[in-house]
Amino acid sequence: MKIAHFKKPGMPGRGFLCPFFSRRSGHLMTTLTLSLLLGGTVASAQTQLSLKQAIQTGLDNYGTIKAKEAYAKASAAGVVQAKLDYLPNFNLSTQADYGTANGLNGPAYGFGPSGIASGGLPLGSQNWNATFGSLYLANVNWDFFAFGRSKQKILTADFKRNLDASDVSQEKFQHEVRVSAAYLNLLAAQRLTTSYRKNFDRADTLRRIIVRKAKRDLLAGVDSSQANAEVSNAKSILLNAMTYEDEQNSSLIKLLGTQPQKIQADTVFIANLPKTLPTTYDSLAANNPVIAFYKNRILYSDEQAKYFKTLGLPTFSLGAAMQARGSGFNYTYSADHPNYDNSLSQGLGVDRTNYVVALGISWNLTQPFRTKQQVKAQRLTSEGLKNELALTQQQLITQNNFADSKIKNAIADYYETPLQVKAASDTYHQKLVLYNHGLTNLVDVTQALYALVRAETDRDIAYNNVWQALLLKAAATGDFDIFYSNL
């Protein structure tokens, strides 16, 4: 399973390339921009959502999961239907007819729909004498033995149910990973937005100081121009970060299956290392949902091949029927004695009753040639599915090994970044003090500010990467509890 890794927006460049702002207009535009950036986030409604809540919401609402759950229920119903198919067919039929009874000596063969069934003696000429007739029929037909065909059909349906159930399980597992990855990406994007907003505030504060000094001719006017350009640059970076945050928010909403809304991610758990880190998960979990799904695909394909093989075997059938008929034509009816009664009551009565019990065997001798190819094709399909399983296992093992090294590196980086932030912060404040006393230039202050922003963003990403690495480990092994138990 692949997890999307977080990438931060571009860092600020060196130098001051923005157009010159006048002192008055630059101050006014910066104030308005700051109000819009800060006020916009306050005005927009945000929904507080923990990662556990996000996972559960995604499992409850995501359309693909709902669809696969419906397919699993359909397969369960298919098992019941396969069991009921073994029951004998029991048909009841009744009909009332009105027509003639002209008989004719001669052969006939029923192609397509059957024709009219009229019983009577062959007469010398056509006549149109008509009356009512009736038929009452009870029929039982049971294919009671077909060399395990019915049993194999039930087993195949049962394996299909297991396959669809495992498909639901692996889809839920993968969706838990997808939602968690999207949530962590949103969290990282929000942390970066916060860092770049701080950078904007620092740049604006520095610009205000420079403008005041430039007004008193304590600094050259070019410093004011450079400060305005730096504020514009910080504003652009912040806007890009906010756009990226909205993009990650949209990605998460798609996975949650809810209406568009602004999600505020919970930052409590990510500020610390996970409580427990995997140390014994060197191989894939025994109940890996993805591996179980691929194995069930193979099992279902094998059962289909066994079922196809039974289709070419003979079928033993048992049948029984009872029939009662009534007719308005008298048994003495003939051309010389047209004795019949065309009343409805006479036609609906029962005149003759018959029963029959039959035991038979039927075998299409050409069917084995067809089923042989079906079985061959299905076995080749099973071979293909085994190759897919082997490839998936290989990829997950590789991903598992990568996750181990990523966890180690992420933890090491987790402990390094706070030192970098402290050093960068001390350097920035030192350069700012020196600049205020005229002991250094604005370029040195700006470079120190860049280093501080970079250190803060690296820290935020380092914290996030520890959890991303742990999630990657859970996805590779197939045990989501490795990640979930630490929330």
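**View A. Aromatic pairs across the chain.** The structure holds 17 aromatic pairs. Rings of Phe, Tyr and Trp (its six-membered ring) pair if their centres lie within 6.5 Å; planes under 30 degrees apart count as stacked, over 60 as edge-to-face and the rest as tilted. Tyr86 and Trp142 make an edge-to-face pair, 5.9 Å centre to centre with 70° between the planes. This pair links distant parts of the chain, 56 residues apart. Tyr86 sits in the loop between helix 3 (63-84) and strand 2 (89-99), and Trp142 in strand 3 (residues 131-145). Helices (H or I, at least four residues) and strands (E, at least two) are DSSP runs, numbered from the N terminus. Tyr86 is partly exposed at 34% relative accessible area. Trp142 is partly exposed too, with a value of 28%. Buried means under 20% relative accessible area, exposed over 50%, partly exposed in between (1.4 Å probe, protein chains only).

The model is predicted: local features need pLDDT of at least 70, side-chain atom pairs count only at pLDDT 80 or more, and totals for chains, interfaces and linings use all residues. Residues are numbered from 1 along each chain as its sequence is written, and side-chain values use heavy atoms, with hydrogens and water left out.

View B. Phe480 is buried, with a relative accessible area of 8%. Phe483 is buried at 0% relative accessibility. Elsewhere, ring pairs join Tyr86, Trp142, Phe144, Phe145, Phe147 and Phe316 into a cluster.

**View C. A lysine over a ring.** Lys52 lies over the face of Tyr484, at 5.3 Å from the ring centre. The criterion for a charge over a ring is NZ of Lys or CZ of Arg within 6 Å of the ring centre and within 35 degrees of the ring normal.

**View D. The largest nonpolar core.** This core has 48 residues. A nonpolar core is a set of buried Ala, Val, Leu, Ile, Met, Phe, Trp, Tyr and Cys residues joined through side-chain atoms within 4.5 Å. Leu252, Phe269, Trp467 and Phe483 have the most contacts inside the core. At least two core residues come from each of helix 2 (51-61), helix 4 (149-215), helix 5 (221-256), strand 4 (262-265), helix 6 (289-310), helix 8, helix 9 (442-477) and helix 10 (481-484). Helix 4 supplies the largest share, 10 residues.

View E. Arg202 forms a salt bridge with Glu456, and the closest N and O atoms are 2.7 Å apart. A salt bridge is a side-chain nitrogen of Lys or Arg within 4 Å of a carboxyl oxygen of Asp or Glu.

View F. Lys306 and Glu303 form a salt bridge, with the closest N and O atoms 3.4 Å apart. Both residues lie in helix 6, three residues apart, about one turn of the helix. Lys306 is partly exposed at 45% relative accessible area. Glu303 counts as buried at 8%. Asp460 and Arg459 also meet through their side chains in a salt bridge (3.5 Å, N to O). Asp460 is buried at 5% relative accessible area, and Arg459 is buried at 18%. Lys68, Asp167, Glu171 and Arg178 are linked in a salt-bridge network.

**View G. Lys408 and Val466.** Lys408 is in helix 8 (residues 367-436). Lys408 counts as exposed, at 63% relative accessibility. The C-alpha atoms of Lys408 and Val466 are separated by 8.7 Å, with the two residues 58 apart along the chain.

**View H. A nonpolar surface patch.** Leu318, Met322, Tyr355, Val357 and Leu359 form this patch, with about 590 Å² of accessible area together. Patches are made of residues with over 30% relative accessible area and no salt bridge: like charges are joined within 9 Å, nonpolar side chains (Val, Leu, Ile, Met, Phe, Trp, Tyr) within 5 Å. Areas come from the Shrake-Rupley method with a 1.4 Å probe; for residues, only the protein chains shown count as cover. Strand 5 (315-327) and strand 6 (352-362) each give two or more residues to the patch. Strand 6 gives the largest share, three residues. Tyr355 is in strand 6 and is exposed, with a relative accessible area of 66%.
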